[in-house]
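Please keep the sequence and the 3D view at hand while reading.

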Amino acid sequence: MLQRTIGVLTSGGDAPGMNAAIRSVVRAALKKGFRVVGVQRGYNGLIHGEMFEMNMRSVSNIINRGGTILYTARCPEFRELSGVLKAKEVCEKAGICGIVVIGGDGSFRGAADLSAQGIPCVGVPATIDNDISCTEYAIGYDTAMNTAVEMIDKIRDTAESHDRCNVIEVMGRHAGHIAVNTGIACGATTIIIPEIEFNMDEIIDKLRTAHKMGKQHFIVLVAEGIGKVDEIAKHIQEATGIESRSTILGHVQRGGSPSVKDRVTASTMGYYAVNLLEKSIGNRVIGIKNDHVVDYDIQEALSMKKPFEVDLYNIANEISF
Ligand code: ADP
Ligand code: F6P
């Protein structure tokens with residue numbers, strides 16, 4: 001008879017704090033008497049049986065590290081029933097009675113499919129975009145924003161020296177959460193995000209007015225979902241006469257040592273995920289609601305809508321002259 005085994009994997013885009021979550025899952029599960037296996041490269045590793053046994057020391061010295069020691073991947077095969085069935089077979093052979101899936105909405109869809117095949121899975125939300133509807137907070141968001149702010153502050157130095165407008169793209173595939181929060185934190189004159197319609201003429205008017213009022217350098221913050229920072233910078237230069245440059249911050253935002261908030265959130269969520277699997281409860285995803293840890297049925301979680309921080313966007317706009 002195989003000892004009850006819990007698997008842990010990271011899937012989708014990486015996020016700082018994933019390692020802290022892995023550490024928490026491994027240690028909490030070992031403490032409860034489970035055997036623990038780390039599955040490498042997300043569902044890809046699960047389908048191909050790429051896993052190794054983990055002990056208390058396997059997760060030493062990782063709480064402070066960015067990335068994921070289990071690596072991550074996107075696995076198109078897992079979107080097909082045949083892929084899920086292959087994974088189920090691998091789990092049964094390895095005696096896996098539950099899996100903690102650390103990732104985003106896509107990874108949770110996979111977790112729901114595998115749970116439906118009798119392998120209970122619990123999702124732990126991790127993405128720098130913070131666009132997972134069922135949770136106020138996802139692992140990695142705070143660190144990514146602090147990295148972005150550090151970079152934008154540096155760009156501000158050179159923008160000021162040259163009396164320029166710097167148009168900066170931050171990450172956020174479909175979401176403007178990073179842009180709005182880093183925008184207000186960096187004193188951006190304008191924030192352009194997918195959630196709120198924008199009018200380029202109004203943006204130009206605002207820059208002109210601020211220029212007339214004596215403002216000499218400008219930060220225009222653009223969410224990745226909008227993109228086109230080169231075009232925007234050229235347009236601003238032509239329309240206002242203010243010399244402009246564009247920068248895409250890119251993957252630098254995905255790396256680095258996780259912040260306190262990300263380490264604490266990851267440690268807490270990982271622990272709760274194991275508590276559910278201990279009771280053989282699967283098809284759940286962990287979330288934060290009113291600053292407390294909660295869990296939801298995965299389908300329910302996926303159908304939720306996340307309210308956008310319109311108030312914050314409006315405040316940023318009002319105080320950015
Ligand atoms: P995230 O988890 O960050 O949202 P992705 O959307 O890239 O990232 O999803 C990660 C992985 O989850 C995919 O590569 C795939 O293996 C699995 N996945 C995504 N969507 C589905 C789906 N609808 N059904 C089953 N598995 C899925
Ligand atoms: O979802 C996180 C994220 O960093 C998005 O902001 C970005 O659009 C995407 O992942 C990029 O993913 P990758 O370069 O890994 O394909």
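The model described here is predicted. It contains an open sheet of 7 strands, in the order E3-E2-E1-E4-E5-E10-E11, and the pairing within this sheet is mixed. Strand E3 (51–54) and strand E11 (292–297) form the edges; each has a single partner strand, so one side of each is left without a neighbour in the sheet. From one strand to the next, the twist averages 30 degrees. In general, strands of a sheet pair through backbone hydrogen bonds, in either the parallel or the antiparallel sense.

Strand E1 (residues 5–10) can be followed to each of its partners. With strand E2 (residues 35–39), E1 pairs in the parallel sense over 4 bridges. E1 and E4 also run parallel, and 6 bridges join them. Thr5 illustrates both pairings: its bridge partner in E2 is Arg35, while its bridge partner in E4 is Ile96.

Strand E4 (residues 96–103) is mostly covered, with 7 of its 8 residues buried. E4 pairs in the parallel sense with strand E5 (residues 121–125), over 5 bridges. Within this pairing, Ile102 stands opposite Val124 in E5.

## Two helix pairs

Two packed helices are described by the angle between their axes and the distance between the axes. The table gives these values for two pairs.

| Helix pair | Axis distance | Crossing angle |
|---|---|---|
| H7 (residues 200–212) and H8 (residues 229–240) | within 10 Å | roughly 55 degrees |
| H5 (residues 141–162) and H6 | within 10 Å | roughly 45 degrees |

Given a crossing angle of roughly 55 degrees, H7 and H8 are therefore oblique to each other. The crossing in which H7 passes H8 is right-handed. On the H7 side, the contact is made by Met200, Ile204, Leu207 and Arg208, which meet Ile232, His235, Ile236, Ala239 and Thr240 in H8. By class, this contact of H7 with H8 has 6 nonpolar, 2 polar and 1 charged residues.

For the other pair, the angle is roughly 45 degrees, and H5 and H6 are therefore likewise oblique to each other. The crossing of H5 and H6 is right-handed. Here Tyr141, Met145, Ala148, Val149 and Ile152 in H5 meet His177, Ile178, Asn181, Thr182 and Ala185 in H6. The contact of H5 with H6 comprises 7 nonpolar and 3 polar residues, with no charged residues.

## Two buried residues

Thr189 is located in the loop between helix H6 (177–185) and strand E7 (190–192). Its relative accessibility is 1%, so Thr189 counts as buried. Leaving aside residues up to four places away in sequence, Thr189 touches Lys206, Leu207, Lys215, Phe218, Ile219, Asn317 and Ser320. Of these, Leu207 in H7 is also one of the residues that meet H8.

Ala301 belongs to helix H10 (residues 298–303). Because its relative accessibility is 4%, Ala301 counts as buried. Ala301 touches Ser133, Cys134, Val285 and Tyr296, again without counting residues up to four places away in sequence. A further relation concerns Arg284: this residue and Ala301 are 17 residues apart in sequence, and their C-alpha atoms are 8.4 Å apart in space.

How values were computed
Residues numbered from 1 in each chain as written. Chains lettered and ligands numbered in written order. Predicted model: local features only at pLDDT ≥ 70, side-chain atom pairs only at ≥ 80, totals over all residues. Heavy atoms only, no water. Pairing = 2+ DSSP bridges. Axes fitted to C-alpha atoms, helices over the stretch in contact; angles between N-to-C directions. Parallel < 35°, antiparallel > 145°, perpendicular 65-115°, else oblique. Left-handed = near helix turned anticlockwise from the far one by under 90°. Contact = heavy atoms within 4.5 Å. Nonpolar A, V, L, I, M, F, W, Y, C, P; charged D, E, K, R; others polar. Buried < 20%, exposed > 50% of the residue type's maximum accessible area, 1.4 Å probe, protein only.
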